[in-house]
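Welcome, and thanks for taking a look at this one with us. Below is a short briefing to read alongside the structure.

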Amino acid sequence: MQRSWYDRRRRRIRDLGCGDLRIYLDVEVRRVACRACGTVKQERLPFLADTPFYTKRFAFYVGRRCRASPIRDVAKELRLDWTTVKTLEQQYMREQLRRAGAPGPRVLGLDEVSIKTGQTYRIIVSDLVRHRPIWFGGTDRSEASLDQFYTVLGPRKTARIRLVVMDMWKPFRLATTRHAPQASILFDKFHVLRHLGDALDQVRKSEYARLSGRQRRFIKGQKYTLLAHRENLTLSGRQALTTLLRANQRLHIAYLLKESFGQLWDYRREAWARRFFETWRVALRWQRLRPYEKFAAMVDRHWDGLAAYCHPENKVALGFVEGLNNKIRVLQRRAYGLRDEEYLRLKILTCMLPEI
């Protein structure tokens, strides 16, 4: 039996109106028989979502709701299946990326994020001028994985990169130097200060092991009191810090050195910054602070990547990469872990984009 030119049937399309009002539309879905190939094809209606039972307007509403709530809560509120909500949200996020356009970054931020238990990493590349992540991928945090990003970006856009902010991970530095030799490399301030915080904690542990009896009570449980900035402490925390620094001279000196090192990023000329660092390093003599001496040696080996911040053109907001990592951890914790890597990629790439 020959098929008719139009095979019409009625389908109920759910849509969301104002407030909680649900509007049900009866839409004719048109099928067209192709004379060339003999197959029957369905006409694409522009207002339908990828899931043809729902409109794009409803899909975008679901996507906006999922920016602030887990999929499970949105599915319960709208009385939809969990998989349906996830599919609609993915369409919303892909539309966000399409409207944002292809990236053409001038200043990059490189970092890695753990996606599973164990040493399972993916690389995140951010545009520090537009304040948005632009790439998520790789199989680990190796040089070959970062090569994939530069391959996707292309040689023309790679040649326009002028600054790359990263931690002191060697594969990142080697891949960037090979693909973008014209770009300056700047080491992340918060990554360097994290190493300094680890050195202070090692001094605290060594002092706790050296002392005994009642002298230990001032040190026990004060790890985060020492690592935090004084202005961020509560009144009881400040009192405990004052008591600790009065009771232990080595920890007092280590704490003052830790607090003063942040001044390094305030200088506008490399010579002044170097003079400050040498003075800071001289203060370590005769203090028996072995972890600090190792930290100073590490800073000396990577000095070029720290001194780059002294140049006016390299004064960029260094806290974005660290803030993005915190946001990703919130996304993972809110979803109790994300097993779908493509969904995680979309969530990360769109977390800083405006709503549509």
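Two strands pair if DSSP finds at least two bridges between them. With that in hand, Ile 123 has Gly 137 of E7 as its bridge partner. Please keep in mind that this is a predicted model.

**The sheet**
- Strand E6 (residues 121–127) and E7 are joined by 5 bridges and run antiparallel.
- They belong to an open sheet of 5 strands, ordered E7-E6-E5-E8-E9, with mixed pairing.
- Strand E7 (132–137) and strand E9 (184–187) are at the edges with a single partner strand each, so one side of each has no neighbour in the sheet.
- On average, neighbouring strands here are turned by 25 degrees against each other, direction ignored.

**A pair of helices**
- The axes of H10 and helix H11 (residues 270–282) come within 11 Å and cross at roughly 175 degrees.
- Angles over 145 degrees count as roughly antiparallel, and H10 and H11 are therefore roughly antiparallel to each other.
- H10 brings Leu 257, Ser 260 and Phe 261 to the contact, while H11 brings Phe 276, Phe 277 and Trp 280.
- By type, the residues of this contact are 5 nonpolar, 1 polar and no charged.

**The largest pocket**
- The volume of the largest pocket is about 440 Å³.
- It is lined by 15 residues, of which Phe 190, Leu 193, Arg 194, Leu 227 and His 229 are the closest to its centre.
- At least two lining residues come from each of helix H7 (189–210), helix H8 (223–227) and helix H10 (249–261).
- H7 gives the largest share of the lining, 8 residues.
- The lining comprises 4 nonpolar, 3 polar and 8 charged residues.

How values were computed: Residues are numbered from 1 along each chain as its sequence is written. This is a predicted model: local features need pLDDT of at least 70, side-chain atom pairs count only at pLDDT 80 or more; totals for chains, interfaces and linings use all residues. Side-chain values use heavy atoms; hydrogens and water are left out. On a 1 Å grid over the protein atoms alone, a cavity is a set of points where a 1.4 Å probe fits but cannot get out, and a pocket is an open set with protein on both sides within 12 Å along at least five of seven lines; lining residues have an atom within 4 Å of a point. Grid points are joined across faces, edges and corners, and a volume is the space filled by probe spheres set on the points. Helices (H or I, at least four residues) and strands (E, at least two) are DSSP runs, numbered from the N terminus. Ala, Val, Leu, Ile, Met, Phe, Trp, Tyr, Cys and Pro count as nonpolar, Asp, Glu, Lys and Arg as charged, and the others, Gly among them, as polar. Axes are lines fitted to C-alpha atoms, for helices over the stretch in contact, and angles run from 0 to 180 degrees between N-to-C directions. Angles under 35 degrees count as roughly parallel, over 145 as roughly antiparallel, 65 to 115 as roughly perpendicular and the rest as oblique. Contact means heavy atoms within 4.5 Å.
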